[in-house]
Amino acid sequence: MSAKVGNAWMGSSYPGGVMEPRGPWHYDGEIDLGFGGALRMAATVLTHDPIFDWFAYGGALTVDKNDLRIVPRDGLRQRFYAILTGTKNPNSTVRRFKMELDRDGFAAEQSIVTDKSLNKVAFTLENRTGDEHTTELLLSLPTGTTYSVLQNGKAIQLNRTSNWDFPLCAELKVTSQPSNIEVVRASP
C-alpha cells in the first residue's frame, strides 16, 4: 500500500472495507499459501506398489536385494515416510513409518538406508546452521512396533509428545560434524 492508509482490493466486497496501512499487506491469498503449502508437504515417500514394485516419491531409489537406498530430493530433505502394505496382498494392513527433523536435515546426496521390512532406517544428519545445538527427530512408528534411536552408536531416549501425528521424539545433539542416526526396530 503506497498511501498512508487505504482500502485493500477486497474493500468493496466486505462491509466497511478492509483498511491497510502503508507498506506490505500482512496477508496474501496466493503465493504465500502455495509456497507455504509446498514447504509443509515436501517429503520423500517410500512405497511398495503391487504393480510398479519399490518406488520413492521425491527421491532416487536403489534396490539391492533386501536393502533400499533412498537419496532424498524433495527440496527440503527433512521428512521421510514409508507407507507399505504386504508385498503380495495389497489389502493387508498398511505399515506407516514417518520421521521428520525439526531444524536440520538429511545430508545432501547421502542415502537413507533401510531394509524391506523397515527393521532399521539409517541416515546421516546434516547440521544446517553450523552451530552446536539440539534438534528433534519426530517419529510415528508402525502400529504394534517398538524402535530405538542411536546417534553415532549411542542410544538416545525416546519421549512421548502430545502431537498425534508424531507421538515420539528424540532430541539429537548436533555438532559441526555430521552424525550417523539409526532408528532400529526391537526384536519381537
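Modeller: A definition comes first: two strands pair if DSSP finds at least two bridges between them. Keep in mind that this is a predicted model.

Start with the pairing of β12 and β16. Strand β12 covers residues 133-140, and strand β16 covers residues 168-174. Seven bridges join them. The cut-off is at least two, so β12 and β16 count as paired. The two strands run antiparallel. In general, strands of a sheet pair through backbone hydrogen bonds, either parallel or antiparallel.

Now widen the view. Strands β12 and β16 belong to an open sheet of seven strands. The order is β4-β3-β7-β8-β12-β16-β15. Read along that order and β12 sits between β8 and β16. The pairing across the sheet is mixed. At the edges are β4 (53-57) and β15 (158-160). Each of these edge strands pairs on one side only. From one strand to the next, the twist averages 20°.

Of its 188 residues, 37% are buried. Take the contacts with a separation of 6 or more: 56% of them are between residues 24 or more positions apart. The protein exposes about 11500 Å². Carbon and sulfur atoms supply 52% of that area.

Next, the rings. A search of the whole structure finds four aromatic pairs. One of them is Phe 106 with Phe 123, an edge-to-face pair. Their centres are 4.9 Å apart, with 85° between the planes. This pair links distant parts of the chain. Phe 106 is in strand β9 (residues 105-106), while Phe 123 is in strand β11 (residues 120-126). The two residues are 17 residues apart. Both Phe 106 and Phe 123 are buried.

Elsewhere, Phe 80, Phe 97 and Tyr 147 form one aromatic cluster.

Finish with Lys 98, which sits over two rings. Its charged end is over the ring of Tyr 81, 5.6 Å from the centre. Lys 98 also lies over the face of Phe 166, at 4.9 Å from the ring centre.

Conventions. Residues numbered from 1 in each chain as written. Predicted model: local features only at pLDDT ≥ 70, side-chain atom pairs only at ≥ 80, totals over all residues. Heavy atoms only, no water. Buried < 20%, exposed > 50% of the residue type's maximum accessible area, 1.4 Å probe, protein only. Contact = heavy atoms within 4.5 Å. Areas by Shrake-Rupley, 256 points an atom, 1.4 Å probe, with all protein chains shown as cover. Helix = DSSP H or I, 4+ residues; strand = E, 2+ residues; numbered from the N terminus. Axes fitted to C-alpha atoms, helices over the stretch in contact; angles between N-to-C directions. Phe/Tyr/Trp six-rings, centres within 6.5 Å; stacked < 30°, edge-to-face > 60°. Lys NZ or Arg CZ within 6 Å of the ring centre and 35° of its normal.
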